[in-house]
Amino acid sequence: MPKKFYQLTRLQRIATLLAHKLLSVTDAHFFANNTGLTQERANQLVENQLTTFALPEGLARNLLVNGKLHQVPMVTEEPSVIAAASNGARLAATGGGFRTSQPQRLLLGQIILTDIVDVAATTAMITAHEAELLQVANAAHPSLQQRGGGARWLRVRQLSERELSLDLAVDVQQAMGANMLNTMLEAVATTLQAKWTMPILMSILSNYATESTVTATVDIPITVLATPQFTGISVAKKIAAASHIAQIDPYRAVTHNKGIMNGVDAAVLAFGNDCRVIESGAHAYAARDGQYRGLSQWQVVADQLHGELTLPLPLGFVGGATRLLPAVQPNQRLATVESAQELMQVICALGLAQNLAALKALVTTGIQQGHMRLQAKSLAVTAGAQTAEVAPLIVALQQAPTLDLATAQKLLTKLRQ
Ligand code: NDP
């Protein structure tokens with residue numbers, strides 16, 4: 001039997017991707033020999049730079065999204081995340097994979113006005129000059145309009161008796177858009193101040209990206225969920241029940257969403273995007289009706305398990321760190337992701353795949369069985385195993401009654417005798 005992808009060595013995996021034309025020769029060479037960021041580039045990225053900090057990158061296999069197969073690079077230090085994502089992707093593919101929808105892709109920014117004497121008059125003044133203010137915004141970053149994007153609309157929200165937020169919505173095209181939008185907002189704020197002496201507190205984009213959401217759905221035949229202990233229908237019902245608990249209990253919802261973000265953050269990093277943007281927006285979205293809830297929902301519909309996840313995902317395909325981190329462009333090509341829109345779709349689907357695998361494990365064998373098997377590798381290294389000792393120590397650990405550091409150290413000492 002040919003070995004599975006995860007059973008191959010790192011170089012064999014790269015050779016396999018090359019043989020299947022999932023990597024070009026140049027990119028295969030890059031992945032085989034990548035030494036990460038140079039100190040010089042790192043020094044250009046941050047202040048007071050001392051060194052670089054490496055994280056592992058692995059591949060979630062065969063994520064089927066809107067009929068297209070994606071190999072998704074994931075950057076994470078947590079064992080079992082990538083295996084779970086691949087497992088979720090495999091289950092989803094049995095039902096034809098993930099479908100996505102995306103109503104729009106606009107980034108919102110805010111200009112906060114305080115100490116307003118007449119809130120109604122100020123609101124009327126701003127809305128009456130919408131066209132002029134959009135023009136000011138566009139003139140501050142004209143290349144965006146030349147690419148087909150630019151400022152689209154504005155609205156005024158009353159925050160208190162004397163405080164307003166002017167929200168500006170901008171089509172940022174293929175960028176994440178934070179810097180572009182901030183430039184535009186500051187230009188509009190300057191005009192408001194200079195022309196109508198409006199009292200401005202500050203101007204910045206909002207990370208609550210409600211105008212940049214994407215929804216992934218999946219329908220999985222119940223039969224494929226069966227395990228040696230449980231029938232498919234009982235697993236499906238338990239997953240639906242687990243999803244319900246995440247809707248009604250914030251303690252469970254946070255952990256449910258952490259599982260989704262395991263996949264989302266790992267891919268966001270691999271594609272050179274800012275995971276703080278995505279984390280803050282996702283959690284705010286999870287509490288949008290006043291109670292923090294699970295971001296995904298699962299239900300049994302006829303003979304299928306239906307899953308759905310909506311996330312605000314203001315991701316960039318260009319700009320930010322995407323051209324500064326050396327692995328990002330090879331990762332974009334490996335994933336065959338060609339636009340910011342496609343990136344949003346793939347990452348949302350990955351989050352749902354991750355969630356499915358976690359829920360299935362939780363309601364069947366429990367999370368520890370699979371997790372600790374992969375955790376054995378980390379334990380072996382933490383216990384001080386040298387490269388050649390890792391594999392035999394993992395085997396010994398897997399047969400041990402307890403899987404902890406003391407056991408790993410004891411077994412390592414025994415192995416060396
Ligand atoms: P950039 O400042 O890098 O702007 C995007 C760049 O991409 C521009 O130089 C633009 O060129 C270029 N570009 C090339 N092709 C396209 C295209 N098709 N569509 C759009 N732009 C294109 O990045 P962003 O404005 O996207 O800002 C993202 C960064 O901002 C991230 O690193 C983030 O961490 C950071 N940030 C985040 C904040 C937050 O979230 N609160 C706050 C502040 C910063 P041109 O100049 O010709 O238009």
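User: Why is Thr413 called partly exposed?

Analyst: Its relative accessibility is 48%. Buried means under 20% relative accessible area, exposed over 50%, partly exposed in between (1.4 Å probe, protein chains only). Thr413 therefore counts as partly exposed. This is a predicted model: local features need pLDDT of at least 70, side-chain atom pairs count only at pLDDT 80 or more, and totals for chains, interfaces and linings use all residues. Residues are numbered from 1 along each chain as its sequence is written, and side-chain values use heavy atoms, with hydrogens and water left out.

User: Where does Thr413 sit?

Analyst: Thr413 is in helix α16 (residues 405-416). Helices (H or I, at least four residues) and strands (E, at least two) are DSSP runs, numbered from the N terminus. Thr413 and Ala128 are 77 Å apart, C-alpha to C-alpha, and 285 residues apart in sequence. The C-alpha trace spans about 80 × 55 × 40 Å along its principal axes. The chain has 16 helices and 10 strands. Of its 417 residues, 49% are buried.

User: How do you know how many disulfides the structure holds?

Analyst: A disulfide is a covalent bond between the sulfur atoms of two cysteines. The test here is a pair of cysteine sulfur atoms within 2.5 Å. The count is 0. For Cys275, the nearest cysteine sulfur is that of Cys348, 17 Å away. Cys275 is in no disulfide. For Cys348, the nearest is that of Cys275, and Cys348 is in no disulfide either.

User: Are these two cysteines buried or exposed?

Analyst: Cys275 has 16% relative accessibility, so it counts as buried. Cys348 has 0%, so it counts as buried as well.

User: What makes Lys68 and Glu342 a salt bridge?

Analyst: The definition asks for a side-chain nitrogen of Lys or Arg within 4 Å of a carboxyl oxygen of Asp or Glu. The closest N and O atoms of Lys68 and Glu342 are 2.7 Å apart. The pair qualifies. The structure holds 11 salt bridges. This one links distant parts of the chain, 274 residues apart: Lys68 is in strand β2 (residues 68-75) and Glu342 in helix α13. Lys68 is partly exposed at 28%. Glu342 is buried at 14%.

User: What about Asp167 and Arg157: how far apart are their closest N and O atoms?

Analyst: They are 2.5 Å apart, and the two residues form a salt bridge. Asp167 lies in strand β6 (residues 164-171) and Arg157 in strand β5 (residues 150-158), so the pair ties together parts that are 10 residues apart in sequence. Asp167 is buried at 1%. Arg157, at 32%, is partly exposed. Arg155, Arg157 and Asp167 are linked in a network of salt bridges.

User: Why is Arg276 called exposed?

Analyst: Its relative accessibility is 57%, so Arg276 counts as exposed. Its side chain meets that of Asp274 in a salt bridge, 3.1 Å from N to O. Asp274 is partly exposed at 29%.

User: Which residues come nearest to the ligand?

Analyst: Asp274 is one of them, with His141, Ser143, Gly177 and Gly320. The shell has 20 residues around the ligand; near requires a heavy atom within 4 Å. Helix α8 (residues 178-196) gives the largest share, 4 residues.

User: Why is Ala302 called exposed?

Analyst: Its relative accessible area is 68%, so Ala302 is exposed. Ala302 lies in the loop between β9 (296-301) and β10 (304-312). Its phi is positive, about 55°, although it is not a glycine.
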